[in-house]
Amino acid sequence: MTHLFVQFLIVLAVSIIAGVVGSLLGLGGGIIVIPALTLFLHVDFRIAAGASIVSIIATSSGSAATYVKDRLSNIRVGMFLEILTSIGAVCGAFLAGVVKGSALYVVFALVLLYSLYPMGRKIALELGWRLHPYGKDQAEGIPPDPLAAKLGFSSTYYDPAVKREISYDLHHVPAGAGIMYFAGLASGLLGIGSGVFKVVALDTAMGMPMKASTATSNFMIGVTAAASAGIYFLRGDIDPLIAAPVALGVLAGSLVGTRLLARLAGASIRIIFFAVLAIIAVQMLLRGFNISL
Amino acid sequence: MKKETRETEDDRARAALADEDPARATELMVSVVLRSGVLISAGVIVIGLILLVLRGAGGLGGGIASALAFPHTFASVFSGVARLDPLAVISLGLMLIILTPVSRVAVSIVAFAMERDWRYVAITAVVLAVLIVSFALGKGGS
């Protein structure tokens with residue numbers, strides 16, 4: 001019993017830290033908690049993914065409740081694109097059941113590195129590096145996609161930062177929907193929220209303002225994750241003694257992280273986390289190729 | 001103090017924007033379902049953990065890396081909960097978390113129907129169907 005209790009507390013503590021770090025960096029808890037469980041606590045990848053997927057539903061549902069109330073999440077866009085993400089998630093969850101564990105480590109490492117790219121770019125800009133501009137400004141001035149008009153995607157939200165209402169139309173719906181399928185696939189395969197891919201589809205491909213993209217992505221993560229979580233659960237990959245502390249820990253940690261965000265968002269902290277996560281990504285890659293240092 | 005005034009101003013602006021719209025009821029319903037789903041599930045998990053501590057590890061052996069026999073079908077979870085088996089109660093809480101977005105989708109169908117937005121009733125029904133199929137497939141695929 002004591003042995004079990006100590007392990008429980010360790011998983012809980014690790015999950016709280018993952019939740020805090022995840023919300024400070026805007027990455028989500030899953031992508032942090034999975035390496036922590038697999039690399040340091042030697043939990044099987046699928047059990048770690050199963051625990052993570054449950055924690056993601058809890059955190060995204062909690063924050064989506066607020067975003068929906070504040071009108072930041074675009075419910076119609078979210079509902080429509082959830083068709084794609086949930087089908088992708090079902091495919092991903094089945095794929096996770098058949099591919100080799102080592103392959104999951106490699107794919108995870110690549111997704112983590114990709115997720116770090118925007119953060120690395122931001123840090124580089126803050127450090128005064130000259131980078132070529134990239135972004136979505138090309139969407140300005142193009143008339144909205146007729147499909148977007150038909151589906152009632154245009155919306156308005158109030159942005160307290162600029163103290164005015166922001167109205168927007170959406171473009172390139174088929175491209176965004178295609179990316180969403182792969183976002184769902186990654187979510188189901190790896191047990192992560194894959195918010196980074198969802199934001200790419202909404203913000204970069206479809207031209208949704210960043211704040212609305214983040215909130216809509218958050219709104220969609222819960223349903224996407226539920227589509228694969230059912231499969232993980234019934235397959236026996238959601239171990240209650242790991243998933244319970246992970247879910248409660250990441251949830252509590254992300255609540256703390258959101259409150260810390262305003263005070264601790266300095267560049268130096270992000271540089272440290274960035275470096276740590278880059279090292280973790282490399283470690284996951286090495287683990288996937290069975291190389292130990 | 002100053003910050004507080006600004007926040008009320010923001011809230012008022014948000015409310016003014018929202019009141020004009022019949023879709024507001026949908027948003028509020030969705031928001032309530034999500035928040036209460038998370039609170040209820042977390043509560044059930046905590047009850048399960050308390051039971052685990054009270055009852056002791058009993059038949060529980062092994063550690064984190066070892067495979068424990070835990071319930072992972074609807075039937076075994078429910079029969080375990082009836083016996084107040086700690087692991088079954090925790091699993092019920094985890095199951096409720098998974099069902100939270102599913103009920104959010106189901107509530108959205110009703111809400112869109114109340115708005116008479118039949119296109120979105122259909123779109124949301126497709127999402128619900130995918131979720132239900134995923135549970136059916138998951139059962140067969142284990």
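**Ground rules.** I number residues from 1 along each chain as its sequence is written, and I letter chains from A and number ligands from 1 in the order in which they are written. Because the model is predicted, I take local features only at pLDDT of at least 70 and side-chain atom pairs only at pLDDT 80 or more, while totals for chains, interfaces and linings use all residues, and side-chain values use heavy atoms, without hydrogens and water.

**Chain B.** I looked up the secondary structure and found five helices and zero strands. Helices are DSSP runs of H or I with at least four residues, strands are runs of E with at least two, and both are numbered from the N terminus. The order along the sequence of chain B is α-α-α-α-α. I then checked burial: of the 142 residues in chain B, 44% are buried. Buried means under 20% relative accessible area, exposed over 50%, and partly exposed in between, with a 1.4 Å probe and protein chains only. For contacts (heavy atoms within 4.5 Å), I took those in chain B with a separation of 6 or more, and 60% of them are between residues 24 or more positions apart. The accessible surface of chain B is about 7400 Å², with 68% belonging to carbon and sulfur atoms. Areas are from the Shrake-Rupley method with a 1.4 Å probe, and for residues only the protein chains shown count as cover.

**Core.** I looked at the largest nonpolar core, which has 126 residues. Such a core is a set of buried Ala, Val, Leu, Ile, Met, Phe, Trp, Tyr and Cys residues joined through side-chain atoms within 4.5 Å. The residues touching the most other members are A:Leu27, A:Phe45, A:Leu81, A:Phe108, A:Phe153, A:Met284 and B:Ile98. Helix 9 (residues 210–235) of chain A gives the most to this core, with 14 residues. I followed A:Phe108 and left aside its neighbours within four places in sequence; its contacts are A:Ile31, A:Ile34, A:Pro35, A:Phe45, A:Leu190, A:Ile192 and A:Met284.

**Salt bridges.** I used a side-chain nitrogen of Lys or Arg within 4 Å of a carboxyl oxygen of Asp or Glu.

- B:Glu27 and A:Arg71 form a salt bridge, with the closest N and O atoms 2.7 Å apart. The pair joins two chains, because B:Glu27 lies in helix 2 (residues 24–55) of chain B and A:Arg71 in the loop between helix 3 (45–69) and helix 4 (75–98) of chain A. B:Glu27 is buried at 9% relative accessibility, and A:Arg71 is buried at 11%.
- A:Arg76 and B:Glu115 meet at 3.1 Å, N to O. This pair also joins two chains, since A:Arg76 is in helix 4 of chain A and B:Glu115 in the loop between helix 4 (86–114) and helix 5 (118–140) of chain B. A:Arg76 is buried at 18%, whereas B:Glu115 is partly exposed at 23%.
- A:Asp159 pairs with A:Lys211 at 2.8 Å between the closest N and O atoms. The two are 52 residues apart, A:Asp159 in strand 1 (residues 155–159) and A:Lys211 in helix 9 of chain A. A:Asp159 is buried at 8%, and A:Lys211 is partly exposed at 39%.

I also noted that shared partners join A:Arg71, B:Arg24 and B:Glu27 into one network of salt bridges.
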